[in-house]
Amino acid sequence: MQLLNNKTRVQTGSRPSAAAKAVRVAQPSRRNVVRVAAAVAHDFDTKVFHKELAKFADSEEYIVRGGRDKFPLLKDAFKGIKKIGVIGWGSQAPAQAQNLRDSIAEAGLDIKVAIGLRPDSPSWAEAEACNFTKAQGTLGEVFDVISESDLVVLLISDGAQAKLYPRVLAAMKPGATLGLSHGFLLGVMRNDGVDFRKDINVVLVAPKGMGPSVRRLYEQGKSVNGAGINCSFAVHQDATGNAADVAIGWAIGVGAPFAFPTTLESEYKSDIYGERCVLLGAVHGIVEALFRRYTRQGMSDEEAFKQSVECITGPVSRTISTKGMLAVYESFNAEDKKTFEQAYSLSFKPAMDICMEIYEDVASGNEIRSVVQSVSRFDRFPMGKIDQTYMWKVGQRVRAQRDESKIPLNPFTAGVYVAVMMATVEVLREKGHPFSEICNESIIEAVDSLNPYMHARGVAFMVDNCSYTARLGSRKWAPRFDYIIEQQAFVAVDAGTPTDSEVMAEFLAHPVHRALATCSSMRPSVDISVGGDSSNVGVGAGAARTEFRSTAAKV
């Protein structure tokens with residue numbers, strides 16, 4: 001890995017890797033600086049934080065490192081901000097509000113973090129349980145909090161944003177900052193043919209993980225100068241001249257180990273897409289297909305669950321998290337590599353077919369419209385449970401007797417899963433997304449944030465601790481991945497179709513492996529720890545939920 005900051009020092013990550021070997025960089029001349037700036041996809045102007053240039057495979061991108069040692073900089077980043085209003089209490093709001101409150105307190109700042117909810121909201125009591133109270137001025141009615149806040153972090157559901165954004169924008173004070181954690185609202189407003197008010201900042205900070213993991217890793221990281229979830233950030237509109245510093249301060253305040261720039265459009269396309277692909281929908285679909293396949297082949301139900309779900313959420317995810325996808329392949333002996341190669345090469349193109357369809361549905365606005373329409377029907381048709389089938393009941397028994405050291409690394413399962421992950425990656429690459437975004441949206445979020453929750457308590461614990469948009473997308477697209485892997489990939493394998501050597505060669509030489517090595521070198525040393533079926537670690541008010549609801553947005 002190679003990192004060049006704006007003072008031209010070379011830095012390398014703490015984790016040894018092939019990427020960490022290239023550490024020599026010539027001192028840049030003015031001509032080189034101009035050349036590099038022109039080549040970087042997303043630049044930003046920060047007067048407070050230290051901007052570094054990181055090499056992701058063959059491209060260079062600017063990033064900002066986080067860490068608790070950066071908390072003193074929040075004073076300048078949040079200059080003029082007296083109140084931060086966090087609106088909502090879904091997946092992200094409890095985590096971001098608590099993390100910001102803790103970071104601001106550690107920085108010694110006199111900034112109030114307040115929650116905005118409807119007075120009749122069932123979440124009111126949960127917010128109070130996390131020490132947000134009306135008496136202290138840290139819990140109030142939605143539009144009262146919005147009108148009083150200098151930074152409005154809008155974390156209500158995407159469906160609610162689609163209905164309420166005109167009132168939200170009207171209630172904000174001139175010069176305030178609207179903070180989004182998802183570019184979804186931009187897609188809605190484009191569909192509606194409207195734009196943001198010109199007298200406010202509009203920024204984005206999008207943690208690359210569901211809310212409970214944002215909080216859990218922040219808590220775990222207090223002893224190691226911070227560990228959390230990487231964030232993308234964007235400045236869509238800068239009315240005050242310091243919007244970038246507000247956004248980066250927010251990212252560091254919620255615990256990002258590193259933050260990378262994007263745009264609202266690029267974020268919502270990659271995020272909504274990724275949730276439907278390997279992050280949630282695809283992994284749910286393929287484990288169901290694998291479980292059926294293995295039981296048909298004569299495995300016991302328990303063994304089939306281990307060879308499918310446990311394999312992916314255990315050794316496959318752990319290996320990818322720290323060493324990358326190639327390390328999974330390279331861990332097999334010669335015979336198992338052949339099994340991996342056949343499963344990978346015959347699954348990749350079918351998965352690409354669905355991934356491309358999803359991306360284009362997101363980019364066209366169709367998927368956004370589908371979400372808004374689905375949320376409007378929640379009063380009649382709330383989301384049903386997804387972990388009550390026989391397979392997931394088997395999973396409960398398997399988890400109760402789990403020995404982590406004995407979870408198998410199945411080459412066929414690994415080949416199918418890595419193929420779907422690489423299909424998710426390749427579509428984003430073809431559509432022009434930068435590698436920092438690709439790695440985080442397709443790989444890191446899966447193995448470091450989401451799969452650990454399926455490992456702990458099953459598929460619903462992972463999917464339904466996410467946003468409405470993610471939950472709906474997973475339910476919609478999981479069956480499509482299940483179907484295409486069963487009907488095309490497995491049929492081809494069973495027919496004796498030989499390994500596609502060209503597909504395997506592309507996998508082995510793909511630049512994402514080098515880009516991921518850069519990300520891994522900046523990875524905190526802490527792995528997420530969340531309680532299983534009989535534990536409350538990381539579960540409860542302000543953390544992961546075990547009971548899930550879906551309600552229509554109220555105007």
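The side chains of N410 and Q307 are joined by a polar contact of 2.9 Å. A polar contact here is a pair of N or O atoms within 3.5 Å; within protein, one must be able to donate a hydrogen and the other to accept it, and residues adjacent in sequence count only if both atoms are side-chain atoms. The model is a predicted one, in which local features need pLDDT of at least 70 and side-chain atom pairs count only at pLDDT 80 or more, while totals for chains, interfaces and linings use all residues. Residues are numbered from 1 along each chain as its sequence is written, and side-chain values use heavy atoms, with hydrogens and water left out.

N410 is found in the loop between α16 (390–400) and α17 (411–430). Helices (H or I, at least four residues) and strands (E, at least two) are DSSP runs, numbered from the N terminus. N410 has a relative accessible area of 10% and therefore counts as buried; the term buried means under 20% relative accessible area, exposed over 50%, and partly exposed in between, with a 1.4 Å probe and protein chains only. Not counting residues up to four places away in sequence, N410 touches Y294, Q307, C311 and F332, where contact means heavy atoms within 4.5 Å.

F332 also belongs to an aromatic cluster, in which ring pairs link Y329, F332, F340, Y344, F348 and F507. Rings of Phe, Tyr and Trp (its six-membered ring) pair if their centres lie within 6.5 Å; planes under 30 degrees apart count as stacked, over 60 as edge-to-face and the rest as tilted. A search of the whole structure finds 15 aromatic pairs. In one of them, the ring centres of F258 and F260 are 6.1 Å apart and the planes stand at 45 degrees, so this pair is tilted. The rings of Y453 and F461 have centres 5.4 Å apart and planes at 40 degrees, which makes that pair tilted. F258 is buried, with a relative accessible area of 0%, and F260 is buried with a value of 0%. Y453 and F461 are both buried.

Helix α10 (residues 264–279) contains I272. The relative accessible area of I272 is 1%, so I272 is buried. Its contacts, not counting residues up to four places away in sequence, are with H182, F184, V362, E367, I368 and T469. Between I272 and H455 there are 183 residues in sequence and 23 Å in space, C-alpha to C-alpha.

Another buried position is S521, at 3% relative accessibility, which lies in helix α22 (residues 512–521). The side chain of S521 reaches the backbone oxygen of T518 at 2.6 Å.

The empty space of the model comes next. Rolling a probe the size of a water molecule over the atoms shows where empty space is left. On a 1 Å grid over the protein atoms alone, a cavity is a set of points where a 1.4 Å probe fits but cannot get out, and a pocket is an open set with protein on both sides within 12 Å along at least five of seven lines; lining residues have an atom within 4 Å of a point. Grid points are joined across faces, edges and corners, and a volume is the space filled by probe spheres set on the points.

The second largest pocket has a volume of about 570 Å³. It is lined by 38 residues, of which V447, D448, R523, D527 and I528 are the closest to its centre. The elements giving two or more residues to this lining are α12 (301–323), α18 (435–457) and α22, and α18 gives the most, with 9 residues. By class, the lining has 17 nonpolar, 13 polar and 8 charged residues. Ala, Val, Leu, Ile, Met, Phe, Trp, Tyr, Cys and Pro count as nonpolar, Asp, Glu, Lys and Arg as charged, and the others, Gly among them, as polar.

The structure also holds 3 cavities of 30 Å³ or more.

Two backbone positions remain. Most residues other than glycine have a negative phi. A57, although not a glycine, has a positive phi of about 55 degrees; A57 is placed in the loop between β3 (51–56) and β4 (59–65) and is buried at 6% relative accessibility. N131 has a positive phi near 70 degrees and is found in the loop between α4 (124–129) and β7 (139–141). N131 is exposed, with a relative accessible area of 54%.
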